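Visitor: I would like to go through this model and ask what stands behind each label.
Guide: Then let us look at it first.

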Amino acid sequence: MAFSLLAERCFSRDYAQARQRFLDAARARAAHIESFPLEVRGAAGEELSTDIALIRPSGARGLLILTSATHGMEGFCGSGCQLQLLGDEALLARAADAKVALLLIHALNPYGFSWLSRTNEDNIDLNRNAQPFDVALPENPGYAELHPLLVPPSWPPSEQNRQAIADYIAEHGLIRYRDAVSRGQYTHPDGIFYGGAARSQSLRTLEHVLRTHAAEFPDIGWIDYHTGLGPCGHGEKIYTGGRDMTAVARAQRWWGGDVTVPFAGTASSADITGLIGGLLPAACPEARIATMALEYGTVPFEPMVDALRGDVWLRAHPDASPALAQQIRQTSRDTFHSEHDLWKGLLLGQSRLAIHQALCGLAAEAEQA
């Protein structure tokens, strides 16, 4: 019964409720709050905004960043974990004792959170968008080959379409299919995992927040909350920094040897470029950094991709029937979020442990400096 009440307090029914709860909880902690609204509106006509809360104890030497809704509808999870922290007296006291400031960035992609989409108002995947757009962008010929199959002319897809994708997987293997589909692509704006042609407003906001509130700290940790990949309820700890083995070692020292590394082939994620974590070294060039995504599993990869396919199809067909649009959005929500209390409990427990580990890591870095 006690946990059910905690889950009810932390996990919101929609973006608007999650935002209000976050702002109320941050004000109760006397946090410094800033809001960065979008010009577009939400699914219910509500204002959309990325909101930040900074809790800074006296003499803070380290900073822990927690981000939610990088992938829109995955924000039910990240927002829930942020709300849990804001209500956790013991963990907040531990942060103050460790002289660690907390920077909570709520709903980096508020559009996707509200509209139950993984991407933003321009169909951009923010975690493929942190690219230097003044140079050649990464190529993904595998995606170009699959795009006509992934974005079919009608929804639901025909049996011929599903069979063609199954034939591709049978010929090339699931790993190659996963990499071609999810590594990110910059050639099909109407496709899935599209990284954009320029820096999105949300990432410009994030860069501003990092330069303004993080640059002065010598030691920074970052947990970015995600859902989708891996066994249901398991929080895979995925390293999200650059190809720097010193930074990998630091992340594994803080969070454990089971931190996986995409470029080493040990993660459930493809080897992606354009991750939001790549913004931190430029914004805070003098800082010692440890970054990871906490990726909570939901469903197998193939139905997850199906949900994303439905989402991009719906964007291209705004005249779809209300019943079909609702069905597609509900499938997206159910794919990236579970209403089961056990799943929610696993999320909150693993998040609390990861935050505690980060606080210990930041305290240790400060002592060794």
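**Labels and their grounds**

Guide: This is a predicted model. The axes of helix H7 (residues 159-172) and helix H8 (residues 174-182) come within 6 Å and cross at roughly 120°.

Visitor: Which residues of H7 and H8 meet?
Guide: From H7 come Ile-165, Tyr-168, Ile-169 and His-172, and from H8 come Leu-174, Arg-176, Tyr-177 and Ala-180. This contact is made up of 6 nonpolar residues, 1 polar and 1 charged.

Visitor: How do you know which face of helix H6 is the buried one?
Guide: In H6 (residues 141-150), the buried residues are Gly-142, Tyr-143, Leu-146, His-147 and Leu-150. Viewed down the axis of H6, they fall within an arc of 135°, so they line one face of the helix. Residues three or four places apart in an α-helix point the same way, because there are 3.6 residues a turn. Pro-141 and Pro-148, on the other side of H6, are exposed, a label that calls for over 50% relative accessible area.

Visitor: What covers the buried residues of H6?
Guide: The cover includes H7, H8 and helix H12 (301-316).

Visitor: Why is Ser-269 called buried?
Guide: Ser-269 has a relative accessible area of 12%. The cut-off for buried is under 20%, so Ser-269 qualifies. Ser-269 is found in the loop between helix H10 (245-255) and helix H11 (279-283). Leaving aside residues up to four places away in sequence, Ser-269 touches Arg-178, Leu-229, Ile-238 and Pro-262.

Visitor: How do you know whether the radius of gyration of the chain agrees with that of a compact globule?
Guide: For 369 residues, a compact globule would have a radius of gyration near 21 Å, and the chain has 20 Å, so the two agree. The C-alpha trace spans about 60 × 40 × 40 Å along its principal axes.

Visitor: What else describes the chain as a whole?
Guide: The chain has 14 helices and 7 strands. Of its 369 residues, 57% count as buried. Among contacts with a separation of 6 or more, 80% are between residues 24 or more positions apart.

Key:
Residues are numbered from 1 along each chain as its sequence is written. This is a predicted model: local features need pLDDT of at least 70, side-chain atom pairs count only at pLDDT 80 or more; totals for chains, interfaces and linings use all residues. Side-chain values use heavy atoms; hydrogens and water are left out. Axes are lines fitted to C-alpha atoms, for helices over the stretch in contact, and angles run from 0 to 180 degrees between N-to-C directions. Helices (H or I, at least four residues) and strands (E, at least two) are DSSP runs, numbered from the N terminus. Contact means heavy atoms within 4.5 Å. Ala, Val, Leu, Ile, Met, Phe, Trp, Tyr, Cys and Pro count as nonpolar, Asp, Glu, Lys and Arg as charged, and the others, Gly among them, as polar. Buried means under 20% relative accessible area, exposed over 50%, partly exposed in between (1.4 Å probe, protein chains only). The arc is that of the directions from the helix axis to the C-beta atoms. The radius of gyration is taken over C-alpha atoms; the globule rule is 2.2 Å times the number of residues to the power 0.38.
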